[in-house]
Structure formats: structure tokens, C-alpha cells
Amino acid sequence: MKNLIKAVITILVVFIGYALPVNANTSIIILNTDNFTVEGKGAKFVSYKGETSLLLNDASATLNDISFLNGTIEYDVAFSEKRNFVGVQFRQQDSKNHEEFYIRPHQSGNPDANQYTPVFNGLSAWQLYHKGFAGKVNYNFDGWNHVKIIVAGKQGEVYINDMHKPAFAIAEFLRPIEGGSISFSSARADAYIANVSIIKDDKPRSLMTFSQGTKSSNEHKLENYTSQWQVSNSFTETKLTDTVELNANEIAKMNWQRLDVDSYGVLNMARVQGVNKTDNTAFAKFTIDSNKEQTKALQFGYSDKVKVFVNNKLVYAGNNSFRSRDYRYLGTIGLFDTIYLPLKAGKNEISFAVSERFGGWGVVAKVGDCIDIKPCTTNY
């Protein structure tokens, strides 16, 4: 009899363990219309490979009645090898402002098989943040891939299939740390989401990657980087088609606001505003105060197109758009280009007219040396 009672108790414990949340902050999400708000005709609840699933194709589905700040997002996902972007958005303020992780099935086994990016004003920023923001993963196209994203304050880890070693770590979430909703999406082809569970942590947990004494990968010096800029209101790119010298009076009448670079030295212009089909260009400018007339090297990067003016005169034009140079050219930014600035004695205004197509709207700049100019880290 004792053995029988012991067996019954064991069965009940196992049953309760599966039926109830692990704790008050853990939720196993049932996939149905009560728990999700779907957008797009290509969204439906189906049975796939033995699992109740959410099918998405050019569609998204947002979890109802949840505010997620720190914790774990865990789910299974299945997809084909077709070109696609299968994502989860979290800490979502609205459809245009959130943190995002997504999988590129067509890049399985490549360094850019997946990506973390912040999204501001509807603009993804994967071209601005690439090194250290993705992991090399070989995907399973015959069944499910298991994904676990741990969100802990400013940092995170992404696990795909291997739950013991992260595919990559997120050294810094680049949006403000604030709670928001969670949604799933698939951009171009069928993707199936199943076995969704959410754990909400009351406070950020310690991460294996960033254990005590381990430095974050973004802890680096930004010596001689331009750190403070002024960004104008947006306008149509064609306005500058034949412009070789800016009208100082027109420039002065534009709406300007200060914007500082992030800890990677990048000026993400989407933090100020979005773009539309007509207005996809804005100026980002700073000043250099030179002790004398001289020429200074300025290393820079941009996305997607740029025209650079020194004291309102055009000195450079370039195109760094996705696939602008070959079919695998990504258009990511870095200090890959150099111009030689003709500086006069006194204040010099350096203006970048940056146009956005997609993938990231921004610029990064660094003076070669600070001899005879001030301040050493150039500011506006």
C-alpha cells in the first residue's frame, strides 16, 4: 500500500509540474486568438509537425496583456531554406519601436545567420550594428529549432538549439530599458511558432557571458570620435541632386536637434525621426575648431548614401547601400572611408547629408589626430 501511495503522489507531482507555471512569473502561452492579436492575412493557428502552431507569412502576432522587461522568451520555430526573416520583437512600445531578434534561414551556417537590432521609428539598424550582434548557426530544416532569449537589463544572450552555449551574447541593448509587449513575425515565407513560454524576472539575472570580472565586448575607447551632432529635419534626397554648395540661410532655417552617439560611436539618426517615401534624407553636422588653416583626415562610415560638405562646399559623395557593389554586399558601416578636410582657421562646419533606403540610418566619424584642433573629441 505504501508503494502504491508513493506512486500516486509521484504521478500527481509530475502532473502538477507540467500543468502549473514554475512560478507566478512563468507563463506557458496557449496559441489561440484569445492570447494573440494577429496582423496580416498570412497568420493562422494550425497543427504542424505534431504541435499546435502559429503560422506566419508576411504577418505578425502580438501577445495580449503582457508587459515584459526582464526574463526569458522561449519558443520553437520551423521554416524552410527560403529567403526569410523570422523574428521576435520584445520590450515593444509600439509597432515601430522595440528590440528585435530575427533568424535568416537562407544564411544558415553563415556569420549573419541571425541578428539582434534595435528598432527606432520603424527603422531597423542591422547595418549599423553587425559585429558581435549575430551568431553562426546551422538550422534544422526538417523539424523544429529551439530558441531561448534571456533579457537581463542592458544585456542578453541568445541560444539556438544548443541550450548550453549561447549562439551569441548581446553586450548592450541599444534602446531605453522599459517594459513592453512581445510579438512574433515572418516577413517573406511560411514560419511556424510553437511551445511559447515567457518567464518574467523581477530583477535582471546574472548571465554566463558577462559573469563578474568579464568585460562587455563594447567596452572600448572612442578616442577622437565625433560624439555630439546636430540632426536636421528630414527632406527628399533629390533636393541635393545638383547641389555642390549649400545655401547657408536655408540650412539655418531647418529644424535642428542635438543627438549624441551611442557607446559604439554610432549616430543612429532613426532615434530622432523615421523616413517615408519622399523624405528619406537629413543632415547630421558638427564643428571642428582649428588653430590654423590645415588639412585633416576624417575616417567615417555611413548608411545608406551620403554627401559631405565642409563649410557648405561639397567634398565627397558615396553610396553604401545594400547590394550596391555586389549581390552579397551588405552595406554595413565602419571606419572604412577617409576624406581629407580642408579646414580654415577657426570654426569649420562638417555636414553629412545621409539618405536611408533600409537597414540602418546613421553615420560614424573619427578625426585622425587632434593636433591643433579642439576639442579632441569633436563636438557640435
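Biologist: In which strand is Thr338 found?

Modeller: This is a predicted model, in which local features need pLDDT of at least 70, side-chain atom pairs count only at pLDDT 80 or more, and totals for chains, interfaces and linings use all residues. Helices (H or I, at least four residues) and strands (E, at least two) are DSSP runs numbered from the N terminus. On that numbering, Thr338 belongs to strand 23.

Biologist: What is the relative accessibility of Thr338?

Modeller: Not counting residues up to four places away in sequence, Thr338 touches Ala297, Leu298, Gln299 and Phe300, where contact means heavy atoms within 4.5 Å. Thr338 counts as partly exposed, because its relative accessibility is 39%.

Biologist: What is the order of the open sheet of four strands?

Modeller: Strands of a sheet pair through backbone hydrogen bonds, either parallel or antiparallel. Two strands are taken as a pair if DSSP finds at least two bridges between them. In the open sheet of four strands the pairing is antiparallel, and the order is 18-25-20-23.

Biologist: Which residue in strand 23 stands opposite Leu298?

Modeller: Strand 20 (residues 294-303) runs antiparallel to strand 23, and seven bridges join them. Across this pairing, the residue opposite Leu298 is Ile339.

Biologist: Which strands stand at the edges of the open sheet of seven strands?

Modeller: The open sheet of seven strands is paired in the antiparallel sense, in the order 2-5-14-7-8-9-10. Each edge strand has a single partner, so one side of each is left without a neighbour in the sheet. These edges are strand 2 (36-39) and strand 10.

Biologist: Which residue in strand 8 is the bridge partner of Val86?

Modeller: Strand 7 and strand 8 run antiparallel and are joined by six bridges. Within strand 8, Val86 has as its bridge partner Ile103.

Biologist: How many residues of strand 19 are buried?

Modeller: In a regular strand the side chains alternate between the two faces of the sheet. In strand 19, Thr281, Phe283, Lys285, Thr287 and Asp289 point one way, Ala282, Ala284, Phe286, Ile288 and Ser290 point the other way, and all are buried. Strand 19 (residues 281-290) is therefore largely enclosed by the rest of the structure, and its count of buried residues is ten of ten.

Biologist: How many bridges join strand 19 to strand 24?

Modeller: Strand 19 is joined to strand 16 (residues 228-232) by two antiparallel bridges, with Gln230 opposite Lys285. Strand 26 (residues 373-374) also pairs antiparallel with strand 19, over two bridges, and Ser290 stands opposite Ile373 there. In strand 24, Lys347 is the bridge partner of Asp289. Strand 24 (residues 346-355) runs antiparallel to strand 19, and the number of bridges joining them is ten.

Biologist: What volume does the largest pocket have?

Modeller: On a 1 Å grid over the protein atoms alone, a pocket is an open set of points where a 1.4 Å probe fits, with protein on both sides within 12 Å along at least five of seven lines; lining residues have an atom within 4 Å of a point. Grid points are joined across faces, edges and corners, and a volume is the space filled by probe spheres set on the points. For the largest pocket, this volume is about 980 Å³.

Biologist: Which residues are the closest to the centre of the largest pocket?

Modeller: The largest pocket is lined by 37 residues. Those closest to its centre are Phe85, Glu100, Ser124, Ser185 and Ala187.

Biologist: Which elements give two or more residues to the lining of the largest pocket?

Modeller: Contributions of two or more residues come from strands. They are strand 5 (59-63), strand 7 (86-94), strand 8 (97-103), strand 10 (123-124) and strand 14 (181-186).

Biologist: What is the phi of Asn121?

Modeller: Asn121 is found in the loop between strand 9 (114-120) and strand 10. Although Asn121 is not a glycine, its phi is positive, at about 50°.

Conventions:
Residues numbered from 1 in each chain as written. Heavy atoms only, no water. Buried < 20%, exposed > 50% of the residue type's maximum accessible area, 1.4 Å probe, protein only.
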